[in-house]
Amino acid sequence: FKVVHDNVIAYGVDIRLGVGAQRLITDPSTREVIGVTVLQDGEERHIAARRGVVIATGGFEGNADMKAQFLETHPVFNAAARHNTGDGIRMAQDLGAALWHMWHIHGAYGFRHTDPAYPYGIRAKRFPDWFPGDADKVNLKMAWILLDQSGQRFMSEYQPYTQDTGVRPLSHFDPITQKASRNPAYLICDDIGRQMYPLGKATSNDEGLRYDWSDNNLKEVENGIIQRADTLGELAKKLGLDASALKTSVARWNALCAAGKDTDFERPAGSMTPIVKAPFYGSTMWAVISNTQGGPVHDAQSRIIDVYGKPVPRLYAAGECGSSFGHLYLSGGNIAECVVTGRIAGRGAAQT
């Protein structure tokens, strides 16, 4: 980003911080985008666009209403940037933009801080990536298993690259119980697992806002993020789970570990570790989101397309706001997309 920023400064581009875009302004006779309404220092202002406008406002992971509307489960806690609130998506919709990929998100499962003022979900520890077909090469012990609200294991806890599909199993809706029976889910480990490494990793892009997870997880036991109990039955009571179901699930898991193969959900064998040593630990785990891919449809020229398949005149999209990536996260491809579509959109707007 510094390379980009240095070049922006070198070219004398006017950067206006603290100026919130509100709506796009169009010519009523031609539908051309001719400017934008902004809010600056509490005052509404209008900025004219001599050529085109590029929307590069990112996703909507910080917008609770949009997540409830477009995602398959609720709640999905933001684990990245709460200021990505879908503003650009709404402004494009206002001009008739079509939408795509709105449910395509990238995330996992994570903790909630016991301090209600802490605004983010905290993603569970991420492990080195492995690729489909290479599960037998994994050799890193994962401390925990996940259980649903009935006390049953329901997924491989160690997903392949990029480990950003873990949120999807939590989105399951049980038609029998009429509940999202995996959101929240429950992390279970023993004292050996508790000592392996930090179980969580907090991320924040806000100045002055930071949570440092402890190396041995004991701070999280003390502040209530993680529950501790001398027996599995006591732990089940603290988590609100059926004690018999939890014990049965742990016994089944330990048997799979002894056999050296997860025949239930195909978790990599090298990651399997039994849950045997008291005290035992557990935590409520929620669906968390790292980024969204949905937004206005755009074509190869980065022109935003309306619901009738026509370009909205003089309006372009760049980056994650309506990403071309869909079902799977392309990791560094998201960053490349910002640069590539930014150049295409900028060139198009300048030539309008």
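# Briefing: salt bridges, cores, a sheet and ring pairs

The side chains of Asp 306 and Arg 31 meet in a salt bridge, with 3.4 Å from N to O. Asp 306 sits in the loop between strand 15 and strand 16, and Arg 31 in the loop between strand 1 (19-26) and strand 2, so this pair ties together parts that are 275 residues apart in sequence. The model is a predicted one.

**Salt bridges**

- The whole structure holds 19 salt bridges.
- In the pair described above, Asp 306 counts as buried because its relative accessibility is 7%, under the cut-off of 20%.
- Arg 153 and Asp 262 form another salt bridge, in which the closest N and O atoms are 2.7 Å apart.
- Arg 153 belongs to the loop between strand 9 (145-147) and strand 10, while Asp 262 belongs to the loop between helix 7 (243-259) and strand 13, so the pair ties together parts that are 109 residues apart in sequence.
- Both Arg 153 and Asp 262 are buried.
- A salt bridge also joins Arg 210 to Asp 212, where the closest N and O atoms are 2.7 Å apart.
- Arg 210 is exposed at 67% relative accessibility, and Asp 212 is partly exposed at 42%.
- Through shared partners, salt bridges join Arg 153, Glu 157, Asp 262 and Arg 267 into one network.

**Nonpolar cores**

- The largest nonpolar core has 56 residues, of which Leu 24, Tyr 109, Phe 111, Trp 144, Leu 199 and Leu 315 touch the most other members.
- Elements that give two or more residues to this core include strand 2 (33-40), helix 3 (87-94), strand 7 (105-112) and strand 16 (311-317).
- Strand 13 provides the largest share of this core, four residues.
- Beyond its neighbours within four places in sequence, Phe 111 is in contact with residues including Ile 122, Leu 187, Leu 199, Trp 213, Ile 225 and Met 285.
- A second, separate core has 18 residues, among them Ile 188, Ala 229, Ala 236 and Phe 280.

- Strand 15 pairs with strand 16 in the antiparallel sense, over two bridges.
- Pro 311 in strand 16 is the bridge partner of Ile 305.

**Aromatic pairs**

- There are eleven aromatic pairs in the whole structure.
- The ring centres of Tyr 118 and Tyr 120 are 6.3 Å apart and the planes are at 70 degrees, so this pair is edge-to-face.
- Tyr 118 is buried at 7% relative accessibility, and Tyr 120 is buried at 0%.
- Trp 130 and Tyr 158 also form an edge-to-face pair, at 6.5 Å centre to centre and 85 degrees between the planes.
- This pair links distant parts of the chain, 28 residues apart: Trp 130 lies in the loop between strand 8 and strand 9, and Tyr 158 in the loop between strand 9 and strand 10.
- Ring pairs link Phe 111, Tyr 118, Tyr 120, Tyr 211 and Trp 213 into a cluster.

Definitions and conventions:
Residues numbered from 1 in each chain as written. Predicted model: local features only at pLDDT ≥ 70, side-chain atom pairs only at ≥ 80, totals over all residues. Heavy atoms only, no water. Core = buried A, V, L, I, M, F, W, Y, C linked by side-chain atoms within 4.5 Å. Buried < 20%, exposed > 50% of the residue type's maximum accessible area, 1.4 Å probe, protein only. Contact = heavy atoms within 4.5 Å. Pairing = 2+ DSSP bridges. Salt bridge = Lys/Arg side-chain N within 4 Å of Asp/Glu carboxyl O. Phe/Tyr/Trp six-rings, centres within 6.5 Å; stacked < 30°, edge-to-face > 60°.
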